[in-house]
Amino acid sequence: MKHLKPLNVKARRIEADISAAIEEDVVALQQAPRPHVPLGCSLSFSPGWEVDASGGTAGLCQPAERDIYDCYVTCFWPVQMADHVNYSADWASNCAAATKDWRSLDIVFP
Amino acid sequence: MTTLLEHRYRAGEMHRFQAAGEEFVYMPQAGAIFALDAATNGVLGLLQDGVAAHDDLVTALADQGMATGDAEGLLRELRMVRLVEAENVVALAPIVDTPPDDFPLQALVLNVTNQCNLACTYCYEFGADKISTQTGKTKYMTPETARAAVDFLLESAKGREAVHITFFGGETLMNFRLLQDAVNYADARAAETGRRVTYSLTTNATLLTDPIIDFLADHAVGVTVSIDGPAEMQDARRVYKSGKGSYAVILPRLKALIARHKTRAIAARVTLSAGVTDVVGIYHHLKHEIGFHEIGFAPVTTTDEGHDFGLNGDGMSAVLAGFNALADEWLEYALRGEMHGFSNVSETMSELVVGTNKSHPCGAGLGLLGVSPSGDLSPCHRFTDADEHVLGHINSGVDQAKRSDFLTRGHVGSKYECTSCWARPLCAGGCHHEAFVRYGDTGHANLHYCDWIRGWTDRVLDIYGTLAVRNPEFLERFADRKGLS
């Protein structure tokens, strides 16, 4: 920090947290020197939701619902998605090709 | 089409103060203290009247000669520390959580007797505002109860290496034999498990003898003496049942105590009440004429009626003026690198050094419990023997439902009036017992002394800032200090 001088233990902890945040924690997806692709998507060779596997946007999910479906299979998407491990294992059984069948992805009533 | 969000900022929650010609800020959400530079001061000035757009702030800083990149960096730094925040941020509702049931106990206050050889007119245990219901109950704690309490403490302390026992009354020394037995037993039990027990006691000093003093010194028992000052003030309310004052009795015993007991600081605890408000005079008498190491002051607890001993507005003004005069002395000492004995400053300083941010005003019901002569548990010594506040028994353990209720109501997040107060990290609403006496609810904020607390905290912050500029090494001395009250 350049402008604030920490004067007690708590202030020094805030300073340390901020330094760590700037250096390590938060990275924009398109930040130089190379794009940072979300881990799950890059491992499964499928499009992420902000940049595609090559760091561009051309290969992004189309339509947007494809994005949701991809998260359901490959990533942890804690709120909006049906729980396909425990309660809704067959949620996507009518959706063989998401780009065509996405309309058959339905709302789940737990 | 994309619409870019225009970022607009307002000042975050802060209490600003100046000291030694410099600018500082105290941040209530964290308890953090920062020194500000001129550029930060400028940004906060621009936000003084409300909200400003990010780009306008950058432009204003650029107009003052700052490079655009530096201005962006400055705003980022202030945002991350939360000195500025987005205008539409909604503060989260305070979280009121209670600690787990097995929260390790750290200290017990053993009420070794509820009997006293004095009859101080303002006493919360016997006076007009008493809440205890002693009729038919054990008057003196038995050695069996004390030993069971020690076992309960060591068992409940789980992983703690050191625990603390405070002996309290009534008049503690009316049951000195039990105190001796309890210390010897606790030392032996602690040694078996490789732990340490430290001790303290509060006494009116009337019953101190040389053998008692030697025992206290040998076992490093910290001694706090309840005393109100020179003879005329001590004898105003600290009297025997006959009405006779106690000053002449305790003076030679205090001299002996201070001369013989060198293993712990000897502290005086002064209760300020109507007519007993000469803080400076009392301090100098106790410090320099009697020789106490530390002197702490607290206004008497009373209801709104105040009885004949309560402090009215004029009385409290006199007290604050006295506190400020002693605070000036404290600072003069500190600038010379010397420790002054006015513990009200020292205690607040040690909390500020750490950045204390309290969920509850004190450890009552958390790491600390009171034990009545019969073995009932209570949040602290002030609730001893009050049926309504019993939290269990040393033999059956803590009544978790009652404890949880006490802690939930006493949590600073439950006290609506505290949510907007910058002094809440240190005060957290104030004494549970005082709140009960005054408002009938341990979870009520002590609204009658809010201005006083803020005024006092601001005064100590001023000392803090001055030392940060002129003698920063002195602040480091407080890092390990532990409050005893």
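Reply: Let's start with the chain as a whole: of the 485 residues in chain B, 44% are buried (a residue is buried if 20 or more other C-beta atoms, placed from the backbone, lie within 10 Å of its own, exposed if 12 or fewer, and partly exposed in between). Bear in mind that this is a predicted model, where local features need pLDDT of at least 70, side-chain atom pairs count only at pLDDT 80 or more, and totals for chains, interfaces and linings use all residues. Residues are numbered from 1 along each chain as its sequence is written, while chains are lettered from A and ligands numbered from 1 in the order in which they are written.

Chain B has 16 helices and 16 strands (DSSP runs numbered from the N terminus: H or I with at least four residues for helices, E with at least two for strands). Its radius of gyration is 25 Å, close to the 23 Å from the globule rule for 485 residues, so chain B is as compact as a globular protein of that length (C-alpha atoms are used, and the rule is 2.2 Å times the number of residues to the power 0.38).

Now the part you asked for. Two packed helices are described by the angle between their axes and the distance between the axes. Here the pair is helix 11 (residues 343-354) and helix 15 (residues 450-470) of chain B, whose axes come within 10 Å and cross at roughly 70 degrees (axes are lines fitted to C-alpha atoms over the stretch in contact, with angles from 0 to 180 degrees between N-to-C directions). That makes helix 11 of chain B roughly perpendicular to helix 15 of chain B (under 35 degrees is roughly parallel, over 145 roughly antiparallel, 65 to 115 roughly perpendicular, and the rest oblique).

Who does the touching? On helix 11 of chain B it's B:Val345, B:Thr348, B:Met349 and B:Leu352, and on helix 15 of chain B it's B:Thr457, B:Val460, B:Leu461, B:Ile463 and B:Tyr464 (contact means C-beta atoms, placed from the backbone, within 7 Å). Sorted by type, the residues of this contact are seven nonpolar, two polar and no charged (Ala, Val, Leu, Ile, Met, Phe, Trp, Tyr, Cys and Pro count as nonpolar, Asp, Glu, Lys and Arg as charged, and the others, Gly among them, as polar).

Terms used:
Two residues are in contact if their C-beta atoms, placed from the backbone, lie within 7 Å.
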